[in-house]
Amino acid sequence: MRVAFLGLGAIGRPIAVHLAKPPFELTVWNRTMEKARTFAGEHSVSLAPSPAAAASNADVIITCLPSSEEVRNLLDGADGLESGLRTGSLLVDCTSGDPRTSMEIAARLAGRGVDFIDAPVSGGVKGAEAGTLTIMCGGEAALIDRARPVLEAFSKRIVRCGSTGAGDAVKAMNQALLAIHIWSAGECLTALAKYGVDASTALEVINGSSGRSNASENLFPERVVTREFPRTFRIALLDKDVAIAADVASRAGVPAPFIELASRLFAEAHASLGEEADHVEAMRIIEERAGVRVS
Ligand code: NDP
């Protein structure tokens with residue numbers, strides 16, 4: 001099967017590695033061409049000079065960009081993705097996108113006989129490397145079945161969430177939970193530090209109790225206690241995700257004060273920490289405001 005992959009970023013690159021071998025014939029494109037060139041040097045893939053060229057020979061085209069806006073913009077222009085898409089091909093957007101833009105893209109491409117599913121992923125860079133990502137899909141079941149052989153190369157759980165945009169909506173809500181868990185765990189550990197309880201002791205108790213989460217079980221022990229703060233998922237992207245979640249709730253008429261507060265806090269942390277900081281570095285802001293470090 002001929003596959004094109006556009007967006008060799010922190011998560012896109014390890015996903016593409018799984019597609020750079022038979023039975024797939026992979027073509028890659030990246031905005032910064034050097035990254036695509038390096039990838040092509042390490043793997044048996046073709047290098048495309050433009051989004052249109054990447055799509056022109058592919059049955060399934062995967063995009064993995066920061067947000068839906070970049071995906072929509074990628075469609076435009078003489079060398080843009082849309083001009084290269086073949087009738088009957090399928091665009092699988094692994095971006096953590098927003099439902100409304102995904103619906104707009106799906107409608108635009110339908111006019112050209114090109115199918116679309118939103119297929120954001122979860123599991124982080126580690127999950128991408130291991131090929132065990134969870135993929136939440138929005139679109140017709142038959143389209144997801146068409147994409148399945150490709151998705152199975154990097155996923156152990158493929159879930160159809162509903163019609164176009166439903167995958168994006170589920171992903172945004174998962175990210176809202178992640179943000180709330182990080183910030184609330186951070187506040188708890190910071191308050192406990194003022195009581196003289198060190199972070200490892202507090203986490204040992206919490207992780208054997210009912211307050212545990214992925215943040216307390218994995219992110220905090222591996223990144224905060226060690227002070228390593230590896231940069232695997234930019235806080236800018238989590239800020240974007242929680243804003244989408246707040247918008248989804250608002251448009252649905254659901255009062256969501258927790259999600260709105262998480263959106264505001266992560267927007268502030270993003271503004272303060274900059275574009276390249278990791279999402280767990282939000283902890284630095286909590287510590288700074290409290291005037292204490294937890295480890
Ligand atoms: P990165 O910032 O690491 O990479 C972004 C990619 O998009 C790069 O290839 C970048 O190209 C490209 N890009 C950025 N802007 C444009 C543009 N205007 N036009 C064309 N290409 C562009 O992001 P991630 O790989 O971390 O994330 C990608 C998506 O996956 C996001 O939606 C994110 O929320 C989601 N995600 C990320 C996870 C993670 O752990 N990192 C986990 C789960 C989901 P260039 O190399 O030129 O900068």
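An oxygen atom of the ligand lies 3.2 Å from a polar backbone atom of L8, a polar contact being a pair of N or O atoms within 3.5 Å (within protein, one must be able to donate a hydrogen and the other to accept it, and residues adjacent in sequence count only if both atoms are side-chain atoms). The structure is a predicted model, in which local features need pLDDT of at least 70 and side-chain atom pairs count only at pLDDT 80 or more, whereas totals for chains, interfaces and linings use all residues. Residues are numbered from 1 along each chain as its sequence is written, and side-chain values use heavy atoms, with hydrogens and water left out.

Further polar contacts of the ligand involve the protein backbone. An oxygen atom of the ligand is placed 2.8 Å from a backbone N or O atom of P66, and a ligand nitrogen atom is 2.8 Å from a polar backbone atom of T232. In total, 26 residues surround the ligand, the closest being N30, T32, K35, P66 and T232; a residue is counted as near if one of its heavy atoms lies within 4 Å of the molecule. Helices α4 (68–75), α7 (124–130) and α12 (235–251) each supply at least two residues of this shell. Helices (H or I, at least four residues) and strands (E, at least two) are DSSP runs numbered from the N terminus. The ligand sits in the largest pocket. A pocket is, on a 1 Å grid over the protein atoms alone, an open set of points where a 1.4 Å probe fits, with protein on both sides within 12 Å along at least five of seven lines; a molecule sits in it if more than half of its atoms lie within 2 Å of its grid points.

N30, one of the closest residues to the ligand, belongs to the loop between β2 and α2 (33–42). With a relative accessible area of 7%, N30 is buried, where buried means under 20% relative accessible area, exposed over 50%, and partly exposed in between (1.4 Å probe, protein chains only). The N30 side chain reaches the backbone nitrogen of L8 at 2.8 Å and the backbone oxygen of T32 at 3.0 Å. Residues up to four places away in sequence aside, N30 touches G7, L8, K35 and A36, contact meaning heavy atoms within 4.5 Å.

T95 occupies the loop between β5 (90–93) and α6 (99–110) and is buried, at 0% relative accessibility. The side chains of T95 and D93 are joined by a polar contact of 2.6 Å. Although T95 and C64 are 31 residues apart along the chain, their C-alpha atoms are separated by 4.5 Å. Beyond four places in sequence, the contacts of T95 include C64, P66, V71, P120 and D168.

The side chain of E82 makes a polar contact of 2.7 Å with that of R108. E82 is buried, its relative accessible area being 13%, and its contacts beyond four places in sequence are L75, R108, L109 and R112.

Several loops show backbone features of note. P22 and P23 are joined by a cis peptide bond with omega of about 10°, and P23 is located in the loop between α1 (12–19) and β2 (25–29). In the loop between α11 (214–224) and α12, R227 has a positive phi near 60° in a residue other than glycine. F229, which is found in the loop between α11 and α12, likewise has a positive phi, of about 40°, although it is not a glycine. R227 is partly exposed, with a relative accessible area of 22%, whereas F229 is buried at 5%.

S163 is exposed, with a relative accessible area of 52%, and lies in the loop between β9 (155–162) and α9 (166–194). Apart from neighbours within four places in sequence, S163 is in contact with G138 and G139. The C-alpha atoms of S163 and D118, 45 residues apart in sequence, are 9.2 Å apart in space. A53, in helix α3 (residues 51–55), is partly exposed at 29% relative accessibility; its C-alpha atom is separated by 55 Å from that of D198, 145 residues away along the chain.

Technical notes:
On a 1 Å grid over the protein atoms alone, a cavity is a set of points where a 1.4 Å probe fits but cannot get out, and a pocket is an open set with protein on both sides within 12 Å along at least five of seven lines; lining residues have an atom within 4 Å of a point.
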